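I opened the coordinates to go through the metal sites, the strand pairings and the helix packing, and I kept these entries as I went.

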Amino acid sequence: MLAMNYRGPYRIRAVHKPEPEIEHPGDAIVRVTRSCICGSDLHLYHGLVPDTRIGSTFGHEFTGVVEEVGSAVQHLKPGDHVLVPFNIFCGSCYFCQKELYSNCHSTNPEATAVGGIFGYSHTAGGYDGGQAEYVRVPMADVGPTVIPADIDLDDAVLLTDALPTGYQAAEMGDIREGDTVVIFGAGPVGIFAAKSAWLLGAGRVIVVDHVDYRLEFVRSYAQCEVIDFKQVGDMAIHIKKMTDGLGADVCIDCVGCEAAGNFAQTLLGVKLKLQGGAATVLHWCINSVRKGGTVSIVGVYGPTFNAVPIGNAVNKGLTLRMNQASVKRHLPRLIEHIQAGRLEPRRVISHRIDLRDVADAYHIFSSKLDNCIKTVLVPPGMVRETTTAAASL
Ligand SMILES: [Zn+2]
Ligand SMILES: [Zn+2]
């Protein structure tokens with residue numbers, strides 16, 4: 001089968017490799033119909049995630065049709081068109097019982113922090129991902145969700161990570177009615193966090209980035225104010241000036257370890273790797289939020305330390321919330337929002353690229369060329385006009 005293949009930092013290509021097989025009675029084999037490239041795939045692509053092995057296939061955001069199921073699978077059958085959450089989780093361990101699916105203790109041998117994730121290095125379990133024609137889906141009775149017939153496949157694939165992650169970012173902000181919410185990062189997750197902040201009662205939503213076309217997009221898509229950080233001297237002072245001198249009620253980090261905006265942070269964290277990535281946005285969040293406010297973090301950081309102003313956070317009495325999204329927990333509510341027309345996630349998709357051209361797709365996304373916001377990879381042979389789950393069967 002055709003699959004994306006990692007050859008080293010900034011080097012990937014499409015290769016032919018053996019199709020995956022059922023390895024465990026709880027597995028399913030899924031024929032991929034859509035897969036996305038995520039901003040967090042760029043951390044892998046740039047060589048920033050430890051133990052990203054040559055030959056691995058990325059891709060934790062995908063939909064597909066079930067081809068085959070293991071003998072223990074009871075809730076899925078061949079022909080089901082499913083969206084597959086990026087978390088691989090067992091559904092029954094101590095953490096899954098608390099709906100902390102992203103922290104599952106059973107699906108990642110290195111499970112001191114995160115659980116299993118498709119296509120996200122051996123630090124997340126070493127599973128191959130969905131930027132391929134076929135993918136093995138472990139714990140198939142637990143994660144995959146059959147796509148309702150009235151949900152567009154392009155919406156469905158965004159339910160595997162970007163939309164639930166943006167939603168959980170806003171949810172962890174504990175937004176009260178009328179709150180001013182500042183979101184750092186105008187990528188798909190930040191865009192969805194902005195939309196979700198309104199749904200959760202925000203009175204004012206401000207998105208910060210430095211990529212002009214993304215700021216333009218989020219301003220019209222999420223009806224929010226925007227700040228171009230290139231035009232701002234001191235972020236905390238700027239936000240305070242916009243908020244009666246108090247600071248934002250909630251600050252949300254949707255950027256993570258490759259933040260631009262501070263040369264010293266980028267040098268230490270990204271170039272020299274002396275900390276787990278640039279902590280620029282963590283500084284901005286802690287220093288821009290008001291006393292007693294909440295900082296919510298969904299941006300991805302490395303497992304090692306980061307230098308952050310923890311004293312400021314303590315002295316301001318902040319609440320810090322953070323985690324990777326537990327996708328499955330949010331699906332019923334988000335599917336309802338899409339069906340009611342309150343969310344149209346597919347509008348963030350700017351590029352639809354053949355899987356054979358995956359190297360070009362990464363380059364375009366990584367370099368932010370051609371106004372790229374979100375790229376969907378389509379395996380060859382997938383009928384492009386097919387947009388709903390029902391129509392593709
Ligand atoms: Zn993702
Ligand atoms: Zn579990």
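The entries below take the metal sites, then the strands, then the helices.

**Entry 1, zinc ion (ligand 1).** I noted before anything else that this is a predicted model, and then asked which atoms coordinate the zinc ion (ligand 1). I found Cys-38 (SG), His-60 (NE2), Glu-61 (OE) and Asp-161 (OD) as its donors, at 1.8 to 2.2 Å. The angles among these 4 donor atoms run from 96 to 133°, and I recorded the site as tetrahedral, since all angles have to lie between 85 and 135 degrees for that label. For reference I kept in mind that the ideal angle for four tetrahedral donors is 109.5 degrees. Along the chain the donors follow the spacing C-x21-H-E-x99-D. I placed Cys-38 in the loop between β3 (28-37) and α1 (39-45), and Asp-161 in the loop between α3 (153-158) and α4, so this pair ties together parts that are 123 residues apart in sequence.

I followed β3 to its pairing with strand β4 (residues 62-69), which is antiparallel and has 7 bridges; here Ala-28 stands opposite Val-69 of β4. From β4 I went on to strand β5 (residues 81-84), to which β4 is joined by 4 bridges, again in the antiparallel sense, with Phe-62 having Val-84 in β5 as its bridge partner.

In what order do the 6 strands of the open sheet lie? I read the order as β12-β11-β10-β13-β14-β15, with parallel pairing, and the edge strands, each pairing on one side only, are β12 (225-228) and β15 (319-322). From one strand to the next the twist averages 20°. Within this sheet I checked β13 (residues 248-253) against β14 (residues 289-297), which run parallel and are joined by 5 bridges, and I noted Ser-296 in β14 as the bridge partner of Ile-252. Helix α5 (residues 188-199) packs on the sheet, where it touches β10 (180-184) and β11 (204-209), and its direction makes about 170° with that of β11. Helix α9 (residues 280-288) packs on the sheet as well, touching β10, β13 and β14, at about 150° to the direction of β14.

On the α4 side I listed Leu-163, Pro-164, Tyr-167, Gln-168 and Glu-171, which meet Val-327, Arg-329, His-330, Arg-333, Leu-334 and Ile-338 of α11. The residues of this contact divide into 6 nonpolar, 2 polar and 3 charged.

Definitions and conventions: Residues numbered from 1 in each chain as written. Chains lettered and ligands numbered in written order. Predicted model: local features only at pLDDT ≥ 70, side-chain atom pairs only at ≥ 80, totals over all residues. Heavy atoms only, no water. Pairing = 2+ DSSP bridges. Helix = DSSP H or I, 4+ residues; strand = E, 2+ residues; numbered from the N terminus. Axes fitted to C-alpha atoms, helices over the stretch in contact; angles between N-to-C directions. Contact = heavy atoms within 4.5 Å. Nonpolar A, V, L, I, M, F, W, Y, C, P; charged D, E, K, R; others polar. Donors = N, O, S within 2.8 Å, 3.2 Å for Na, K, Ca; no water. Tetrahedral: all angles 85-135°; square planar, octahedral: opposite > 155°, others 65-115°.
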